[in-house]
Amino acid sequence: MISPANSDVSTCPLNTFYYVQTGDFSKLPLLCHYPVKATYMSTDPDYLSCKKKECKRYQNGTSQCAISTCSGSLTFHVINIRTDIEFVLFSGGFEVPCILKKANPLKFANPNKPLYGHLSSIDSTGTSMKLTWVSGDEKPQQVQYGDGKSQSSVVTTFSQDDMQSSPVIPSPAKDFGWHDPGFIHSAVMTGLKPSSSFSYRYGSDSVGWSDRIQFRTPPVGGSDELKFLAFGDMGKAPRDSSVEHYIQPGSLSVIEAVTDEINSGNVDSVFHIGDISYATGFLVEWDFFLHQINPIASRVSYMTAIGNHERDYIDSGSVYILADSGGEVGVPYETYFPMPTPAKDKPWYSIEQGSVHITMISTEHDWTKNSEQYQWMKKDMASVDRYKTPWLIFMGHRPMYTSAPGFLSVDEKFVDEVEPLLLASKVDLALFGHVHNYERTCSIYKSQCMKLPSKDEAGIDTYDHSNYSAPVQAIIGMAGFSLDKFPSGINNSWSLSRHSEYGYLRAHATTTDIKLEFVNADTRKVDDSFHITKA
C-alpha cells in the first residue's frame with residue numbers, strides 16, 4: 001500500500017540503510033518510497049493452492065483451457081491518512097521488487113476529517129485540559145464541551161525542511177519516509193472541575209465533527225488521591241498481516257488492557273515515558289500510533305516524556321549522537337504532544353495531580369550540572385511542598401539501573417550527575433523506560449541498597465519513607481517493543497523483581513501510601529506489587 005499515490009515505486013535496494021539507521025533490521029520492500037503496508041500473497045492459502053482458478057484462454061475450438069490464472073485476496077487495515085493511497089502488486093520479493101500492476105488511486109471520502117483527538121494537562125489545577133487532533137484542513141476548528149462551551153483551535157504543522165539529515169547518513173524523515181502530516185489543531189478547554197466527567201466533540205461544520213466523547217479531568221494538585229497508569233516504549237503494531245517499519249508486537253495487548261482500565265473509571269491519568277510511536281522518520285506511522293492510543297488518550301490526560309527515538313540525531317544538539325529519531329529531531333513529537341514545557345526543544349516539565357508531584361525530564365538533552373535542565377530539575381524538586389504533595393516521582397526515559405545487557409542501556413555519566421540530586425531531593429520513586437522489561441530495585445544509591453523493603457501482612461514489599469533512605473527505582477519499558485530478556489545468573493543485590501512480559505504500571509497514591517502494581521497485559525494478573533508508605 002503506497003501513499004501518496006504518485007510515489008516512486010521503482011526498486012531502490014540501498015534504501016535498506018534508511019531502516020537500519022533507526023535500529024529496524026526487519027525485511028521490508030526496498031522501493032524508492034516507503035510503502036505504508038506490505039504483505040505476501042502467501043498469506044492467502046487459497047492463492048498458493050490455486051483454489052480460485054479462472055480460465056483466461058481456451059484452445060481453439062475446444063473447451064480445454066490453454067491459459068488459466070489463480071486469484072487471491074488480501075485484507076489491509078486502512079486508516080484515514082489524508083493522502084491518496086494506491087495498491088501495488090509486485091514480484092521478486094522484498095529485496096528486488098518488480099512492479100506487475102498498479103490499482104487506481106483511492107481517495108479518502110473526507111481527507112479533512114478531524115481525527116485522533118488526545119488530551120493532556122496544561123497545569124496542576126485540573127480545571128483546564130488541552131485537546132490536540134489532526135485534520136487535512138488548516139482553517140481553525142472548534143472543540144465543543146460541557147454545557148454549550150466552545151474553544152477555537154490553534155493550528156500548526158511541520159514540513160520536510162524541519163527534519164534533519166546528515167551528509168554521511170541521509171535520514172528517512174527528509175525524503176524516503178516523509179509523509180505530509182496535515183494540520184495539527186490544539187484547543188484548551190477551560191472552566192472544568194477537577195476529578196469530574198465531561199463530554200466533548202471537535203471539528204467544524206465544513207469538515208465534520210468527531211463523535212461526542214466522555215472524558216475525566218485529573219485531581220487538583222494537593223488533593224488526597226491519584227490513580228494513574230505508566231509505561232514506556234510502546235510504539236504500534238498492525239491490525240492485519242502486513243509488515244511495517246518498526247513493529248512493536250506487545251503494543252496491542254497493552255492498549256487493550258489499558259483501555260479496559262480506562263473504561264472501569266478508575267484511572268485519572270496516563271504517563272508514557274519516551275519512545276512514543278517509533279515512527280523514527282517514517283512519518284505516516286504517527287497517524288497509526290495516534291489511532292491506536294485514541295481509546296485511552298481521548299478519555300484521560302495522556303502525559304509524555306521524550307525518548308531517543310523521538311529526539312536523537314547527528315549534529316542536532318541531542319546528548320547522544322545517534323540516528324535513532326530518523327531525522328525527526330523531536331519536531332513531530334512536540335507538535336503532536338504539546339506538554340507544559342518551558343519552550344520549544346526544552347521538553348521538561350513538572351505537574352501535580354492529587355498527592356503527587358511529578359518531575360518529567362529529557363534524558364536526551366543536556367543534564368550535566370551546569371546545564372539549563374539540571375538547574376531546572378534542582379529548582380523544581382527543591383520547591384515541592386511536601387505537605388501539599390507528599391510524594392515526589394521522577395520520570396525520564398533512560399534508566400540508571402538495569403540487569404539487562406545492552407548498548408547504552410545505562411549511561412554512567414547520567415547516573416553520576418543526576419542520581420545525587422534525586423537523593424538530595426528525597427525522590428520517592430524514579431520511573432524509567434528504554435530497556436524493554438520490568439525491573440524494581442531496593443531503596444538504592446550508588447548501586448548499593450540503602451534499605452530493603454519489609455513485608456506487610458499480605459507478603460507485599462513495603463518501603464517505609466517515614467525514615468527516608470533513598471529512591472526506589474523501576475524500569476517500565478515493557479509496553480510494546482520486543483522484550484529484553486534477563487540473562488541467567490543475575491547477582492545484583494539491588495534488583496528485587498524482574499519480569500520480561502508486556503504490561504504497564506498501575507499506581508494508587510493517597511497522602512500516606514502509594515500502591516504500585518505491574519500488570520501483565522496478556523494475563524491481566526499482577527506480577528509484582530509493592531507499597532511506599534509515610535506516617
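Start with the crossing of α3 and α4: α3 passes α4 in a left-handed crossing, meaning that the near helix is turned anticlockwise from the far one by less than a right angle, while clockwise would be right-handed. This is a predicted model, in which local features need pLDDT of at least 70, side-chain atom pairs count only at pLDDT 80 or more, and totals for chains, interfaces and linings use all residues. Residues are numbered from 1 along each chain as its sequence is written, and side-chain values use heavy atoms, with hydrogens and water left out.

**Stop 1: the helix pair**

Select residues 251-263 for α3 and 284-297 for α4. Helices here are DSSP runs (H or I, at least four residues), strands are E runs of at least two, and both are numbered from the N terminus. The two helices pack at about 20 degrees, with axes 9 Å apart. That makes α3 roughly parallel to α4. Axes are lines fitted to C-alpha atoms, for helices over the stretch in contact, and angles run from 0 to 180 degrees between N-to-C directions. Angles under 35 degrees count as roughly parallel, over 145 as roughly antiparallel, 65 to 115 as roughly perpendicular and the rest as oblique.

Now show side chains. On α3, pick Ser251, Leu252, Ile255, Val258, Thr259 and Ile262; they meet Gln292, Ile293, Pro295 and Ile296 in α4. Contact means heavy atoms within 4.5 Å. By class, the contact has 7 nonpolar, 3 polar and no charged residues. Ala, Val, Leu, Ile, Met, Phe, Trp, Tyr, Cys and Pro count as nonpolar, Asp, Glu, Lys and Arg as charged, and the others, Gly among them, as polar.

**Stop 2: the open sheet**

Switch to the strands. Eight of them form an open, mixed sheet in the order β16-β15-β14-β27-β28-β29-β24-β23. Strands pair if DSSP finds at least two bridges between them. β16 (301-305) and β23 (454-455) stand at the edges with a single partner strand each, so one side of each has no neighbour in the sheet. α3 packs on this sheet, touching β14 (226-231), β15, β27 (503-509) and β28 (513-520). The direction of α3 makes about 25 degrees with that of β27.

Zoom to β16. Strand β15 (residues 269-273) runs parallel to β16, joined by 5 bridges. Histidine 272 stands opposite threonine 304, and isoleucine 273 opposite alanine 305. Which residues cover the two faces of β16? Ser301, Met303 and Ala305 lie on one side, Tyr302 and Thr304 on the other, and all are buried. Buried means under 20% relative accessible area, exposed over 50%, partly exposed in between (1.4 Å probe, protein chains only).

**Stop 3: β13**

Select 213-216. Strand β11 (residues 197-204) runs antiparallel to β13, with 4 bridges. Phenylalanine 198 has phenylalanine 215 as its bridge partner.

**Stop 4: loops**

Go to threonine 280, between β15 and α4. Buried or exposed? Threonine 280 is buried, at 0% relative accessibility. Its contacts beyond four places in sequence include Thr22, His245, His309 and Asp324.

Compare valine 168, between β9 (154-156) and β10 (183-189). Valine 168 counts as exposed at 72%.

**Stop 5: backbone checks**

The peptide bond from serine 3 to proline 4 is cis, with omega near -5 degrees. Arginine 82 has phi near 75 degrees and is buried, at 11%. Finish at valine 329, where phi is about 45 degrees.
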